[in-house]
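Please keep the sequence and the model at hand while reading.

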Amino acid sequence: CFNLQSASVLITAADSVIQIYILSHLVFFITGMRHVSGIDIYTPGEVKVVNGTNVKLKCTFTSNHPVTPQSVTVSWNFRPINSASDESVFYYHEVAYPPVDGRFKDHAVWSGDIMRRDASITLHEVPPTFNGTFICQVRNRPDVHGSNGEIVLKVVNKVSLSEIGVLALAVGGACGVILILLGIFVAVRYYRRRHIENDIELHPQEREWKDPTVW
């Protein structure tokens with residue numbers, strides 16, 4: 001009886017070990033598949049552009065599968081400020097498909113290179129209505145899983161000086177003032193020296209002219 005009970009305990013323990021082993025490998029397999037099937041997209045978080053000028057929306061990607069012009073599709077969408085719906089901006093698959101109507105017609109052009117993992121586009125003559133979030137979606141079959149890249153575009157009326165620009169302007173202004181003061185100081189010193197030299201040259205002539213009249 002003791003032997004049968006011991007054998008039963010051993011069998012139960014062996015079953016538990018096998019189940020844990022299978023479960024751990026299954027979890028590893030699933031997470032590994034997710035990692036292999038992931039595609040990473042890189043975009044700047046925010047871009048500023050002056051009203052009426054052009055701007056390039058940079059979007060690059062990496063994929064664990066071979067990249068070919070036939071396997072990659074790129075979709076750009078736009079989400080206006082205070083809106084939950086997206087608008088189509090641009091589509092690319094082997095060739096570019098620019099918008100034929102809507103606000104982005106004649107504004108969006110292809111600027112990427114699929115073989116260099118570049119899915120960028122350029123917006124021409126950007127108006128204030130382009131304020132919002134631009135979404136870059138890249139798929140490289142069978143690598144179709146992954147998050148999208150987002151760029152918040154801010155259209156401004158004029159370029160604002162950065163902190164570095166303000167600092168450079170302040171330093172340059174201070175240097176200019178110092179140079180002006182130094183120039184004034186040198187000019188005054190030069191003028192005074194010339195005045196003293198002229199006085200020295202004139203003084204002997206006055207003495208020579210007055211000597212004959214002295215008794």
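The sections below cover the basis of the values, the strands, one asparagine and the cysteines.

## Basis

The model is predicted: local features need pLDDT of at least 70, side-chain atom pairs count only at pLDDT 80 or more, and totals for chains, interfaces and linings use all residues. Residues are numbered from 1 along each chain as its sequence is written, and side-chain values use heavy atoms, leaving out hydrogens and water.

Helices (H or I, at least four residues) and strands (E, at least two) are DSSP runs, numbered from the N terminus. Two strands pair if DSSP finds at least two bridges between them. Buried means under 20% relative accessible area, exposed over 50%, and partly exposed in between (1.4 Å probe, protein chains only).

Strand β10 (residues 132-140) has 8 of its 9 residues buried, so it is largely enclosed by the rest of the structure. Strand β5 (residues 72-80) runs antiparallel to β10 and is joined to it by 9 bridges; here arginine 79 stands opposite threonine 133. β10 also pairs with strand β11 (residues 149-156), again in the antiparallel sense, over 5 bridges. In that pairing, glycine 132 is opposite leucine 153.

## The three-stranded sheet

An open sheet of 3 strands, with antiparallel pairing, has the order β3-β9-β8. β3 (55-57) and β8 (108-110) are at the edges with a single partner strand each, so one side of each has no neighbour in the sheet.

β8 and β9 (residues 121-123) are linked by 3 bridges, with tryptophan 110 opposite isoleucine 121.

## Asparagine 140

Asparagine 140 is in strand β10 and is buried, at 0% relative accessibility. Its side chain reaches the backbone oxygen of histidine 65 at 3.3 Å. The backbone oxygen of proline 66 also lies 3.3 Å from a polar atom of the asparagine 140 side chain. Contact means heavy atoms within 4.5 Å. Not counting residues up to four places away in sequence, asparagine 140 touches residues including Ile39, Ser63 and Val72.

## Cysteines

A disulfide (a pair of cysteine sulfur atoms within 2.5 Å) joins cysteine 59 to cysteine 136, with S to S 2.1 Å. Cysteine 59 lies in the loop between β3 and β4 (60-63) and cysteine 136 in strand β10, so the pair ties together parts 77 residues apart in sequence. The torsion about their S-S bond is about -80°, so the disulfide is left-handed.

Cysteine 59 is buried at 0% relative accessible area, and cysteine 136 is buried at 0%. Cysteine 175 is partly exposed, at 41%.

Note on methods: Polar contact = N/O pair within 3.5 Å; in protein donor to acceptor, adjacent residues only side chain to side chain.
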